[in-house]
Amino acid sequence: MTVEPGWIREGTTDGRLVLSAGGDWTVAGAGALEGLVKALRPGAARDVAFDLSEISALDTAGVWLLRQAARRHEEAGARVAWEGVAERFRPLFELVEENEGKKPERPPRVNAVAAAITRLGRNSIEAGEETVALTAFIGQTTITGLRALLRPGRFRLVSLTNQIEQTGLNAMPIVGLMAFLIGIVLAYQGAVQLRNFGAEIYTIDMLAITIPREIGVLLTAIMVAGRSGSAFTAQIGTMKVNEEIAAMQALGLDPMEILVLPRINALIITLPILALFSVFVGMVGGAAMAIVSLDMGATQFLGRLQEAMTLKHFMVGMVKAPVFAYLIAVVGCYQGLRVSGGAESVGRLTTRAVVLSIFLVIVADAVFSLMFAAMDI
Amino acid sequence: MAAEAVIRISGLVNQFGKQVIHDGVDLEVMRGEVLGLVGGSGSGKSVLMRTILGLNRPRAGKIELLGVDISRMDADARAATQTRCGVLFQDGALFSSLSVTENVQAPMREHLRLDQALMDELAALKIAMVGLPPDAGPKLPGELSGGMRKRAGLARALALDPEILFLDEPTAGLDPIGAAAFDSLIRDLQHSLGLTVVMVTHDLDTLIAICDRIAVLVDKKVRVGTMAEHLGDPHPWIQEYFHGPRARAAFASADGGKG
């Protein structure tokens, strides 16, 4: 199809202003056509005629623009007549005429300062409400969990094993890689800094304390929050959008029992295992680096490690893992169930789930540190 | 008007794994007609539509859309053809993070360079044309009812004044009054804008009310004809479809409406 650019020309016959338009008046050329229409200057002419006999193609955008030109003349006080409108374009004219000018009212402008204050207030109220709702959700999961304890048949084994595979087994490569690299980094930094004091042998002590006690568990929890917490929100949120959750409730199935409980239980089982794995791999990474940069043999390293590493530090680290797991899973599932509307909501709440669960993990870690300090562990 | 085929399909084969959906489909859609596409569940109505739109690569066969072979199109030609086709998906498929007005403007923004003010005017015009109230424009799709979402989807499909309009089950999920209103809306717009309409539908009332010809997907092929021709077709599925109790009720109400 060849496109003939639209044009409009002014002429005068018998004291009337005649505007002849031709070519394609379609949305494809609407930008240029709008320029032509705006360039027309309504003058003193009382009688204006639009001659459309040379128009080859016309659509709603073209009709709207032609009528816009006519409106400008009418506003200047002219009478407008239409000539040469082809029969096939008549219904189009009627359609546009019926429907133009139905524009939504612009929302009133809001003062920027007032808007900022309003937003602050709204966010504060929402944060308060969310705290209450999350607490209620934790209570709900506890009740569901206790009820399931009374009737163990209610634990969904298939779903539990599936979640364990997804959150645990499939996470091992990335968690292992991360732990190995962190071990290397810690050992290298420790060796470089402690060498200034001639105390590089204490690099091993540092590894033996920080990795099992803090770094191994914390970094694994953060990795799992990013990997599985987000997946929980996205899965449950998408089911919410598809009305699957509503369907479950209508069929008398409890989403808490079917979706939430297996995910929480799976994470409570897998996160400690992943943390243990990451401590082990982290120590291997640290050992590799220490042996290379400290010029010591593996036997010497292991000997020192045996002295430095105690069960206490290891237990302190592992105790935290199930708590972190619970926080991540609860937040992930809670945000998933909060999804409403469409895809955009899923994305927003998934982000929120990851940010909130990592934040809560770090807060919990700080609380643990205070507790252990008070207990002199 | 000379009958010009805007869509020409020959020897189309679609296959997913071992399951053959279409086996030698031939179909021509003429400019300015309303073609209904019917068939049992799983007979490949939606697949056929998606194939014509280039969303699904056929195993074999040739499809000409507005005179161009779609398998040989480069990206520019494809974009140019797409601006001449409007699609209404089931349930609208509106972009959920954009308001209705922004949804209607999305194709304009992508394919044309227009002033924001002009786009606002054109979007308002399209929204009014599909029968939505002006205050629907700033709303998000999530705030609309199902029927309004369909109308908003239609407004987006009409954003660039297409020549061909594809509708996937336009009246599914609407109440009978809403469905009838939607039928007449499509008929009016088709008449005013000179559209060619291809619609997948299960709604016999729609078929009777607005379709010029009907393409029936049976036995992995297409049989095209007017309603009268299909009524005389001896194929058992077509017989059952057009002579079943629901069809009789639809014909009765259509006659009643006319008489």
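## Briefing on a two-chain predicted model

Phe359(A), Val363(A), Val367(A), Met371(A), Met375(A) and Ile377(A) make up a nonpolar patch on the surface, and together they have about 510 Å² of accessible area. Please keep in mind as you read that this is a predicted model. Chain A and chain B meet in a contact that buries about 2100 Å² between them, and the whole structure holds 24 salt bridges over all chains.

**The nonpolar patch and its end of chain A**

- One member of the patch, Met375(A), sits in the segment after helix H12 of chain A, a helix that spans 343-374.
- Met375(A) has a relative accessibility of 49%, so it counts as partly exposed; the cut-off for exposed is over 50%.

**Domains of chain A**

- Chain A is assigned two domains: domain 1 covers 7-99 and domain 2 covers 119-374.
- Between the C-alpha centres of domain 1 of chain A and domain 2 of chain A there are 68 Å.

**Where chain A meets chain B**

- The contact draws on 25 residues from chain A and 26 residues from chain B.
- Of the roughly 2100 Å² buried between the two chains, 68% is on carbon and sulfur atoms.
- On the chain A side, Val27(A), Trp64(A) and Lys103(A) lose the most area to chain B, and together they account for 24% of what that side buries.
- How many salt bridges are there between chain A and chain B? The count is 1.
- Lys38(A) and Asp115(B) form a salt bridge, with their closest N and O atoms 3.7 Å apart.

- Lys320(A) and Asp365(A) join their side chains in a salt bridge with an N to O distance of 2.8 Å.
- Lys320(A) belongs to helix H11 (residues 311-338) of chain A and Asp365(A) to helix H12 of chain A, so this pair ties together parts that lie 45 residues apart in sequence.
- Are the two partners buried or exposed? Lys320(A) is buried because its relative accessibility is 1%, and Asp365(A) is buried too, at 8%.

**Salt bridges within chain B**

- Glu33(B) pairs with Arg213(B) in a salt bridge whose closest N and O atoms are 2.8 Å apart.
- That pair links distant parts of the chain, 180 residues apart: Glu33(B) is in the loop between strand E2 (19-30) and strand E3 (34-39) of chain B, while Arg213(B) is in strand E9 (residues 213-218) of chain B.
- Glu33(B) is buried, at 8% relative accessible area, whereas Arg213(B) is partly exposed, at 22%.
- Arg187(B) and Asp212(B) also meet through their side chains in a salt bridge, with 3.8 Å from N to O.
- What does the Arg187(B) and Asp212(B) pair tie together? Arg187(B) lies in helix H6 (residues 176-193) of chain B and Asp212(B) in the loop between helix H7 (204-210) and E9 of chain B, so the bridge connects parts that are 25 residues apart in sequence.
- Arg187(B) counts as partly exposed at 28% relative accessibility, and Asp212(B) is partly exposed with a relative accessible area of 33%.
- A network of salt bridges links Glu4(B), Arg31(B), Arg84(B) and Glu163(B).

- Thr350(A) is located in helix H12 of chain A.
- Thr350(A) has a relative accessibility of 15%, so it counts as buried, the cut-off being under 20%.
- Which residues does Thr350(A) touch, leaving aside those up to four places away in sequence? They are Ser230(A), Thr233(A) and Ala234(A).

**Positive phi angles outside glycine**

- Glu243(A) has a phi near 65°, which is a positive value in a residue other than glycine.
- Glu243(A) sits in the loop between helix H7 (202-241) and helix H8 (244-250) of chain A, and it is exposed because its relative accessibility is 58%.
- Lys220(B), likewise a residue other than glycine with a positive phi, has its value near 65°.
- Lys220(B) is in the loop between E9 and strand E10 (221-225) of chain B, and its relative accessible area of 42% makes it partly exposed.

Note on methods: Residues numbered from 1 in each chain as written. Chains lettered and ligands numbered in written order. Predicted model: local features only at pLDDT ≥ 70, side-chain atom pairs only at ≥ 80, totals over all residues. Heavy atoms only, no water. Patch = residues over 30% accessible without salt bridge, like charges linked within 9 Å, V, L, I, M, F, W, Y side chains within 5 Å. Areas by Shrake-Rupley, 256 points an atom, 1.4 Å probe, with all protein chains shown as cover. Salt bridge = Lys/Arg side-chain N within 4 Å of Asp/Glu carboxyl O. Helix = DSSP H or I, 4+ residues; strand = E, 2+ residues; numbered from the N terminus. Buried < 20%, exposed > 50% of the residue type's maximum accessible area, 1.4 Å probe, protein only. Domains from an automatic or database assignment. Contact = heavy atoms within 4.5 Å. Buried area = accessible area lost by both parts, 1.4 Å probe.
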